[in-house]
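Dear colleague,

Please find the structure below, handed over for your own work. My findings follow it.

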Amino acid sequence: MSVLETVGTFVGIPLLIVAVFGGLAYASGGRAQSKRYRPGRPFEFTPVWFLSSPERLHPDGAQALTGGEQRPALADEPAQGAGSQDVTRQGVATPLGATGGASDRW
Amino acid sequence: MTVGDQTRSLTARPEVLDGPFTTRQLLRIDEALRLADSTTGLTFSVYVGDLDEPVRQHAEKLHAQLPDPSHSVLVAVSPNQRLLEIVTGAEARKRIPDRDAKLAALSMAASFGGGDLGGGIVSGLDQLASHAGRS
């Protein structure tokens, strides 16, 4: 084998293979970013609210809950008397016996 | 289906398809919700979106907007704040004690931490429904 053939075989062919795979990776990376949620990345989607059968819950359908915009918080919440609250759950004040549940973060 | 869908015409592309869930995940969530509702007799609902501070009160307010809050369970997930709230109504709380809700919340948070929103929601609903038992 001449020097040229040796270089062509042991340098040229590997370079060609690397270029092909690099090109493939670059091409696939150029697509639109995946929709999937990944922790730590900003989540920029419209809020959604799932119910199994809203039409059965609301026969009139008039005041059905709507998705699509963020819910305003505490806009029309009446002020609660301090006496009717317990502060057992992580210091969060809740009306006595109203709701339960749990909180978590990740 | 999502709650907002019914206000739009049937031909329009539902907004929920632009969300983070694939069609398959949406179908699985829908199935999980229907199964949970029909086996327990409670009303389960899932909210995915930002929650305002104070988060717990916001989730409780959303819960109060459901048609029958005392028999309803709301799972509110805020991926941006990486927060999860499970709100059970007064009657639902008797079926799903806070301890069981916390257990479901833990497993959901574990899935969300791995980036699996759909799977976490489905498994959480399944846990909550099995803790609630049959109606």
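Read along the sequence, chain A follows the pattern α-β-α-β-β-β, with two helices and four strands in total. Helices (H or I, at least four residues) and strands (E, at least two) are DSSP runs, numbered from the N terminus. The model is predicted, so local features need pLDDT of at least 70 and side-chain atom pairs count only at pLDDT 80 or more, while totals for chains, interfaces and linings use all residues. Residues are numbered from 1 along each chain as its sequence is written, and chains are lettered from A and ligands numbered from 1 in the order in which they are written.

Confidence in chain A

The pLDDT is the predictor's confidence in each residue, from 0 to 100. Chain A averages 68, and 53% of its residues score at least 70. Confidence in chain A is highest in helix α1 (residues 3-29), at 91, and lowest in strand β2 (residues 85-86), at a mean of 36. Residues 59-66 of chain A stay under 50, and the model has 15 contacts for them beyond four places in sequence. The pLDDT is also below 50 over residues 73-94 of chain A, a stretch with 23 contacts beyond near neighbours in sequence. Two residues are in contact if their C-beta atoms, placed from the backbone, lie within 7 Å. Of the 106 residues in chain A, 18% are buried. A residue is buried if 20 or more other C-beta atoms lie within 10 Å of its own, exposed if 12 or fewer, and partly exposed in between, again with C-beta atoms placed from the backbone.

The sheet shared by both chains

Five strands form an open sheet in the order β1(A)-β1(B)-β2(B)-β3(B)-β4(A), with mixed pairing. Two strands pair if DSSP finds at least two bridges between them. The edge strands are β1 (48-51) and β4 (100-105) of chain A, each of which pairs on one side only. From one strand to the next, the twist averages 10°.

β1(A) runs antiparallel to strand β1 (residues 43-48) of chain B, and four bridges join them. V48(A) stands opposite V48(B), and the bridge partner of F50(A) is V46(B). V48(A) and F50(A) point one way from β1(A), W49(A) and L51(A) point the other way, and all are buried.

Helices of chain B against the sheet

Axes are lines fitted to C-alpha atoms, for helices over the stretch in contact, and angles run from 0 to 180 degrees between N-to-C directions. Helix α2 (residues 55-64) of chain B lies across β4 of chain A together with β1, β2 (72-78) and β3 (83-88) of chain B, at about 45° to β3(B). Helix α4 (residues 98-113) of chain B lies across β4 of chain A together with β3 of chain B, at about 25° to β4(A).

The 16 residues of α4(B) reach 22 Å from first C-alpha to last, close to the 22 Å expected at 1.5 Å a residue; the expected span of a helix is 1.5 Å times one less than its number of residues. The buried residues of α4(B) are A101(B), A104(B), A105(B), M108(B), A109(B) and F112(B). They cover an arc of only 140° around the axis, which puts them on the same side of α4(B); the arc is that of the directions from the helix axis to the C-beta atoms. Their cover includes β4 of chain A together with β3 and α5 of chain B. Just after α4(B), G115(B) takes a positive phi of about 85°.

Helix α1 of chain B

The 18 residues of helix α1 (residues 23-40) of chain B should span 26 Å at 1.5 Å a residue, and the end C-alpha atoms are 26 Å apart, which agrees. Buried in α1(B) are I29(B), A32(B), L33(B), A36(B), D37(B) and T40(B). Seen down the axis, these buried residues fall within an arc of 125°, so they line one face of α1(B). T23(B), R24(B) and L27(B), on the other side, are exposed. The cover over the buried residues of α1(B) includes β1 of chain A together with β1, α3 (90-95) and α5 (117-132) of chain B.

A buried loop residue

L66(B) is in the loop between α2 and β2 of chain B. L66(B) counts as buried because it has 23 C-beta neighbours inside 10 Å.

With kind regards
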